[in-house]
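Subject: Handing over a structure

Dear colleague,

I am passing a structure on to you, and I would be glad if you could look through it before reading my notes. The notes follow directly below it.

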Amino acid sequence: MKLASYNNGRRDGQLMLVSKDLTKAVAVPAIAHTMQELLDAWQLLQPQLSELYDALNDGLIDNAIEFEEAKCLSPLPRAYQWADGSAYVNHVELVRKARGAEMPETFWTDPLVYQGGSDCFIAPKADIPLASEEWGIDFESEIAVITDDVPMGVSTENAEKHIKLLMLVNDVSLRNLIPGELAKGFGFYQAKPSSSFSPVAVTPDELGKRWEDSKVHLPLITHLNRELFGQPNAGVDMTFNFSQLVSHVAKTRPLGAGAIIGSGTISNYDRSAGSSCLAETRMLETIADGKPATSFMKFGDRVRIEMLDDNNETIFGSIDQQVVEYKG
């Protein structure tokens, strides 16, 4: 299935069932009004939605309307949990190498996550308002999963059955604020403003053979100011798959339905695929030339994040956002 949340003037939006080709949509208030309501009762409601999804794709829904990405909020406009991982350890390795820091061996055996702000996500076509270019504005192109209720201590083997939906992510980062926060020994906060998610969330079966071993085996495509910036394959060089990430996050606590777990920045050892964030490009430039040549984002810059299927059709719709000055 493919699902979205339309902006209806309320915090959690209106749940919409979206056709496979992203051309038609229908509200389903008789089943669930919001995405969170659906996730809270997934086992009960999913079969009803699945039947309606087949009818929508067959053109049998009389009240279906044209699907418009511009009307979408993030699929979960707010969430009880947003934990972002760093599953592509070669990316972490680059970060530390660029600043001359050794990487602990545990990075290869134990996933790293941070808990992000989840009370207010940015819509996928909305501007990203920030107060200063001096903060080092960066995008991070990622994939995330949404879970149902996950018991504390769930094994990696049992974690995948709790993954109900997948989305794309722009994990906005303020790179110049990170060093000061990490130096205090307590992690990110101000350096991680509100994130954005793709217009559409999809069930794993929508990806067919491209969903295997709890990984998405497709390129994640990023354009910066309408020029291709990177298209690394999300299924390549992923040290920890989504089952491992979910198990790790639930090690000491249960996860409530609607928990979002991110992959971290998609990154391949094959640098010809480009990067999924400016920081990685700057790191490679620093390693090669002693200093970065690429600047961070400025007001007016635009980033677009998308994933295409084997027929070159968009799967999740696109995150397409401009950075603007926030004046309060």
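In what follows, helices (H or I, at least four residues) and strands (E, at least two) are DSSP runs, numbered from the N terminus. Please bear in mind that this is a predicted model, in which local features need pLDDT of at least 70 and side-chain atom pairs count only at pLDDT 80 or more, while totals for chains, interfaces and linings use all residues. Residues are numbered from 1 along each chain as its sequence is written, and side-chain values use heavy atoms, with hydrogens and water left out.

I begin with Thr34, which sits in the loop between strand E3 (24–27) and helix H1 (35–40). Thr34 is buried, its relative accessible area being 17%, where buried means under 20% relative accessible area, exposed over 50%, and partly exposed in between (1.4 Å probe, protein chains only). If residues up to four places away in sequence are not counted, Thr34 touches Asp12, Gly13 and Leu15, contact meaning heavy atoms within 4.5 Å. A polar atom of the Thr34 side chain also lies 3.1 Å from the backbone nitrogen of Glu37.

The other topic is charged pairs. Side chains of opposite charge can pair when their charged atoms come close. A search of the whole structure finds 14 salt bridges, a salt bridge being a side-chain nitrogen of Lys or Arg within 4 Å of a carboxyl oxygen of Asp or Glu.

One of them joins Glu68 to Lys71, with the closest N and O atoms 3.2 Å apart; Glu68 is partly exposed at a relative accessible area of 33%, and Lys71 is partly exposed at 39%.

Another links Asp138 with Arg175, the closest N and O atoms being 2.8 Å apart. Asp138 belongs to strand E9 (residues 137–138) and Arg175 to the loop between strand E12 (173–174) and helix H5 (178–183), so this pair ties together parts that are 37 residues apart in sequence. Both Asp138 and Arg175 are buried.

A further salt bridge connects Arg210 and Asp310, whose closest N and O atoms are 2.9 Å apart. Since Arg210 lies in the loop between strand E14 (201–202) and strand E15 (211–212), and Asp310 in the loop between strand E20 (302–306) and strand E21 (319–325), the pair ties together parts that are 100 residues apart in sequence. Arg210 is partly exposed, with a relative accessible area of 27%, and Asp310 is partly exposed, with 49%.

Finally, salt bridges that share partners join Asp138, Glu140, Asp171, Arg175 and Lys192 into one network.

How values were computed: Polar contact = N/O pair within 3.5 Å; in protein donor to acceptor, adjacent residues only side chain to side chain.
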